[in-house]
Amino acid sequence: MNKIDIILSGIGGQGILSIATVIGQASIEADLYLKQSEVHGMSQRGGQVQSDLRLSDCEIQSDLIPLGKADMIISMEPLEALRYLPYLKEDGQIITSSEPFYNIPNYPDYNMVMDKLKSFPNSHILEIDKIAKENQIPKSSNMILLGMAASYLNIFTIDQMKHAIEKVFASKGEKIVNDNIKAFNIGLSSVSK
Amino acid sequence: MAQKQLVLGNEAVALGAIHAGISGVYAYPGTPSTEITEFIQKDSYSKENKIRSKWCTNEKTAMEAALGMSFSGKRTLVCMKHVGMNVCADPFINSAISGINGGVVVLSADDPSMHSSQNEQDSRFYAKFAMIPCFEPSTQQEAYDMVQKAFDLSEELKVPVMMRLVTRLAHSRTAVEVSGIRPQNEFNPVTGNDWVLHPSNSRKLYDKLVEKQPVMVQSSSSLGFNRIEKIAGKGVGVIACGLAYNYVKECNPQNVSAILKVSQYPIDPEMVKELAKISTEILVIEDGQPQVEIDVQAFLSADYVVKGRLTGDLPRTGELNPDSVAAAFGIKSSKVYDTPDFMVRRFPQMCVGCGHRDVYTALNKVLEEYPNARVFGDIGCYTLGVNPPFYTLNTTIDMGASITMAKGAADAGLYPAISVIGDSTFTHSGMTGLLDAVNENADITIILSDNLTTAMTGGQDSAGTNKFEQICIGLGVDPEHIKVVVPIPQNIESIKNMIKDEINYHGVSVIIPRRECMQTLRRHNSDKKK
């Protein structure tokens, strides 16, 4: 059985659901089973949001990932990556933005957050918003993050993922598609496996 | 030809209802139910076939209108979040007595663990209370398939049928295989006075409803949504309701004799007895309150061991998850890492630039001068005024309670009694309370924070938009004490003075800060660009 369990996390409005939509589209291309649990409603307003994404070539039972079973945490925000550590399996990957989102007065010491993240050998941390801005694709930082995760999402081929990006953003025009592919490539090449 | 679509549980229900031949959906938005009606509103087949789908003012008007459509022979879906059942309880319970003509499915989306709700009440009790069947799907596919069966059963038994979802199914996406679309019912209104629930009719109709009960039980054991899956010889008999079935399969427990998968109520006691016979004890796993656990105990001899939420084998509160279910079987969690000690909660907040923020900023300044004041809140984005940095609200109970509670508190001598309510909540359940306040000239100050939409659930139409001043005048509020203002930072001082003036006026006043929601504004602007 080939399967991948992913925790997607971030702050409401950061675009984690777009990452989920692309992975969902890729799962259709790859003819995989998918279950994706989302957060709607109150928490979306600047609160912590999370999505459980389960992919498998066999039927999936639970919509939720059990503790200690996630292969990967993909997070748009460093503190939010750490929030879901109890779900990560021992050698699981952490793919996260290094850029904190300060919308609470008691945000923990940033160095502590970073030290904790770096203590994981399988953590991949990048200033995705900064890089996105430098590359004139400020709205595509989430696809940089997906690119970083791509080489560990070995249930898909890279082409299947790029095709999924094209399909998901097609309705928004060629420029948006190209920006997102560019972002994906930046993320992909930033992670050496 | 069968075709697969990637949909949310809610969208599976919507598709199921469209394909089952509904002529209308009646609903008030509420997490986690909102996407059902939104899907039907956007669906091209629904539009072409004029399936009625506009939002209703509240769940009671929705339920009653649906009953009217059913009276006329058409199939209707009614959707709401669990607490909406409280609002429509009167027509809901009585529709089981009157019976229905065109099929009626009442969908209630429960929110165990209260992700976006004030309680985690269990809608299955309402179905039991009304003595009607209830379906509880375990997967999105089952949700899709069930809707049609629910309409069939509704028309066969001539009662409304409930469908209960929980957040985790409503908001989980997966591929669902869909089938063909069946035509809508013919227009065929009821004649005569059978639907007049005066005592002599009601007594007869109630007896009829009681007579239908064995048929409902029979349906639960024959439709196939409830079934016994034998696993090993003797062992624990598991009753897995709704989503619980998936969690049991996920943790794959040993020493289980069989699983009774339950997705339809009322449960057939014979199925429970059959399970008990081949098992050493029974473990009931259900989302919500321990309803089945109590029923099962009653079906079996007093010394038969039944475990569940009541016995502490599962947590008494909160939604089920794969870990709590695994723990009930003694399976150890695979958790490796703990959350760091420095982790803090990130509360949801009002958007940057939101008008409610300016209202609370001004109100908080006024409150500094009135230490005896209390602020009665309501349900919507502005409920977040309880959180940092505002900490403004003293209460939030249910839709509309801000006005009536402020009135009651003022009756008891509280001053200043201030109510904060949103536009959609005001038309949902605030207007009647305002009439009470006007009739007694209650000394209250109402802040009707109007952002021109039902914002918390994602920006649905609000029933009273452009009508609030007229509504307040019509209900008898003195026009001198209806004040409208634009909540922007530059106006904080004038809003502050306005609130103070109205506190100093000893009667009913309504201040209406009005500015469009930031979320819908952004959406409208990007629509314009297209």
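This is a predicted model: local features need pLDDT of at least 70, side-chain atom pairs count only at pLDDT 80 or more; totals for chains, interfaces and linings use all residues.
Where domain 1 of chain B meets domain 3 of chain B, each brings 13 residues to the contact, with contact meaning heavy atoms within 4.5 Å.

How much area gets buried between domain 1 of chain B and domain 3 of chain B? It comes to about 930 Å², with carbon and sulfur atoms giving 55% of it; buried area here is the accessible area (1.4 Å probe) that two parts lose on being put together, summed over both.

As for polar links, 5 residue pairs (both at pLDDT 80 or more) are in polar contact between domain 1 and domain 3 of chain B. A polar contact is a pair of N or O atoms within 3.5 Å; within protein, one must be able to donate a hydrogen and the other to accept it, and residues adjacent in sequence count only if both atoms are side-chain atoms. Salt bridges between these two domains number 0, a salt bridge being a side-chain nitrogen of Lys or Arg within 4 Å of a carboxyl oxygen of Asp or Glu.

Over all chains, though, the structure holds 38 salt bridges. One of them joins the side chains of Asp71(A) and Lys89(A), at 2.5 Å from N to O. This pair ties together distant parts of the chain, 18 residues apart: Asp71(A) lies in strand E4 (residues 70-75) of chain A and Lys89(A) in strand E5 (residues 88-97) of chain A.

Chain A has 7 helices and 6 strands, counted as DSSP runs (helices H or I, at least four residues; strands E, at least two) numbered from the N terminus. Its C-alpha trace spans about 45 × 40 × 35 Å along the principal axes. Chain B comes to 21 helices and 18 strands. The radius of gyration of chain B (taken over C-alpha atoms) is 25 Å, close to the 24 Å that the globule rule gives for 530 residues, so chain B is as compact as a globular protein of that length. That rule is 2.2 Å times the number of residues to the power 0.38.

Residues are numbered from 1 along each chain as its sequence is written, and chains are lettered from A in the order in which they are written. Local features need pLDDT of at least 70, side-chain atom pairs count only at pLDDT 80 or more, totals for chains, interfaces and linings use all residues, and side-chain values use heavy atoms, with hydrogens and water left out.
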